[in-house]
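Could you walk me through this structure in the viewer, one selection at a time?

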Amino acid sequence: MPLSRRRFLAAPVVGAAVSTLGLPVAHAVEPRMVRAGDADYAALTTRGYNRRFTARPQQIFVPGNAEEVRVAVERSVKEGSALAVRSGGHGFEDFVDNDRTRAIVDLQRLNTVSWDETHRAFSVDAGADLGAVYERLLGGWGVTLPAGICKGVGAGGHMSGGGYGPLSRRLGLVADHLYGVELVTVDSSGAASVVVATEDGPNADLWWAHTGGGGGNFGVATRYLLRSSGSDGVDPARALPKPPGTMLHTRLTLPFATEESFVRLVGNYLAFFEQHSAPGDPFTGLYAPLHIKPGIAGSDVLVLLDGDLPDAAKMFDEFVAAVSAGVTPGLVGPPPTTSSYADTLANVYYAKGMPGFRVKAKSAYLRKSFSAEQLRTLYRYMSDIRFLGESQLEFMPFGGATNAVAADATAVSARNSFMKLLIHAAWRIPGDDDRQIAWAREMFRDVYAATGGAPVPNESNGGSYINYPDPDMADRQWNTSGVPWHGLYYGGNYERLRGVKATWDPGNVFQHQLSIGRPDW
């Protein structure tokens, strides 16, 4: 994106910056800055995913390195400007785009992917989008990450929230390959510093908080250091996992005709992945998200399967047969195509781009399959043709290697679930906000009626995913369970996260509607 130079201030900041990296830092250069009226202001304020929200900040910083981020943060704090940070812009809620934000630090120019010899780890800038990360890791070293399927998502928020995608059942979360993080923090005096926190370093608590603690809580992450736990980092080509050589992929249509066929087929689907959710299960190479559209027509399953498995074709047939059992005609569609991993990334993963929707999202982890009553509730809402359009209900297979890690080893506490649920209400007309939001809220409330309208962690539910945030969970009108929002998102890890927050952000500079330390309700 071209940026106006009218606000580029090149004067050095008086005094040297402070760094905890053990190296002297030269006099800082001001980051590029954009204000209302500049040519790039409108584009930068509308870079967010959710068109329901647009910020009108006094200034937008577009830094080119960590030191310029530090200058931008420190200036905002000293001016008393409420600060927000944007990397890829794919936030579902108004954590950046709200009427309180007076300064935005936009990280899009921090987009390098490289090998860091000092830390013997891959360095991924927070502003790099996942598509670029995949391309550079694969093309340069033949490795990959089990990150998201949407190639336009920025590394910044995705990785700090745990990071999850099509290879996670086989390779774990991004958090399971996070060795360190570089970020800008603010002390009690308002001074900003560039800090590196690693798993085996002096700031290990700050590293841990970024393995699922969510974005916008502790500082501004400028880059992530990535190296798998089994690697010593001597050889970059062995520092992260190798991807499958080939992948089988196809889209299968769901032939729902009646409520009974819906309940049977979705029930089969959930039962299959619940049965195959253990670490090391032969089907952990299968990722098959189920997409259900309002009005039911057009619903489908995207199948991605590790083509290097010796029985891949047989496993595909077994999956289709299990999901279709008792439903005629069952899943229908073309046989799978076999492509290289690179071609799968290019042609099957979701392309970069903002759809321009207005959105309300709600999420949950499943530890047990939904009951027939819950599935009938979903059918009642999803068969309502008044909501035809861009919305969808999505089930995303979890489990496998994601469940092989202890709940407190990273900040991600959901380590015994087999599925994620996402209600993604999406529309384009502002006047339709109330109706569409109510539809999503009431569906979620009714599905979780037995636990107070929220997926309270128990033998059946695993809470919610912080990268799909929902402030309703901090509202007693919609969460009547008595369990506060942080019990859903962080479980038993929350008190430790609060301690990290108090240490590294004592002035609560970094805050939003679900930030660490906010009131329970």
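## Start with confidence

Colour the chain by pLDDT before selecting anything. This is a predicted model, and the protein averages a pLDDT of 94, with 95% of the residues scoring at least 70. Now select residues 1–26: pLDDT stays under 50 there, and the model has 55 contacts beyond four places in sequence for this stretch.

## Stop 1: the mixed sheet

Select β3, β4, β5 and β6. They form an open sheet of 4 strands in the order β3-β4-β6-β5, and the pairing is mixed. Which strands stand at the edges? They are β3 and β5 (83–86); each has a single partner strand, so one side of each is left without a neighbour in the sheet. Ignoring direction, neighbouring strands are turned by 25 degrees against each other on average.

Next, step through the pairs:

- β3 (residues 32–34) and β4 are antiparallel, paired over 3 bridges. Look for Val34, which stands opposite Ile60 in β4.
- β4 and β6 (residues 103–106) run parallel and are joined by 3 bridges. Here Gln59 stands opposite Ala103 in β6.
- β5 and β6 also run parallel, with 4 bridges joining them. Val85 has Val105 of β6 as its bridge partner.

## Stop 2: the antiparallel sheet

Select β7, β8, β9, β10 and β11. This open sheet of 5 strands has the order β7-β8-β11-β9-β10, and its pairing is antiparallel. The edge strands, each pairing on one side only, are β7 (113–116) and β10 (192–198). From one strand to the next, the twist averages 25 degrees.

Zoom in on β8 (residues 121–125) and β11 (residues 220–226), an antiparallel pair with 4 bridges. What is the bridge partner of Asp125 in β11? Click on Arg223 to find it. Then bring in helix α3 (residues 130–141), which packs on the sheet and touches β7 and β8; its direction makes about 50 degrees with that of β7.

## Stop 3

Move along to helix α11 (residues 433–447). Its 15 residues reach 21 Å from the first C-alpha to the last, close to the 21 Å expected at 1.5 Å a residue. Show Asp433, Gln436, Ile437, Trp439, Ala440, Met443, Phe444 and Val447, which are buried. Why are they on the same side of α11? They cover an arc of only 150 degrees around the axis, which puts them on the same side of the helix.

## Stop 3

Select the loop between α8 (312–324) and β16 (337–340), where Gly330 is found.

Is Gly330 buried or exposed? Its relative accessible area is 0%, so it is buried. Leaving aside neighbours within four places in sequence, Gly330 is in contact with Thr253, Pro255 and Ser324. Try the distance tool on Gly330 and Leu254: they are 76 residues apart in sequence, and 7.1 Å apart in space from C-alpha to C-alpha.

## Last stop: two positive phi values

Go to Ile296, in the loop between β14 (290–292) and β15 (300–306). Its phi is near 75 degrees, a positive value in a residue other than glycine. Ile296 counts as buried, because its relative accessibility is 8% and the cut-off for buried is under 20%.

Finish at Asn508, in the segment after α13 (494–504). Asn508 is another residue other than glycine with a positive phi, here near 55 degrees. Its relative accessible area is 32%, so Asn508 is partly exposed.

Key. Residues numbered from 1 in each chain as written. Predicted model: local features only at pLDDT ≥ 70, side-chain atom pairs only at ≥ 80, totals over all residues. Heavy atoms only, no water. pLDDT = per-residue confidence, 0-100. Contact = heavy atoms within 4.5 Å. Pairing = 2+ DSSP bridges. Axes fitted to C-alpha atoms, helices over the stretch in contact; angles between N-to-C directions. Expected span 1.5 Å × (residues − 1). Buried < 20%, exposed > 50% of the residue type's maximum accessible area, 1.4 Å probe, protein only. Arc of directions from axis to C-beta.
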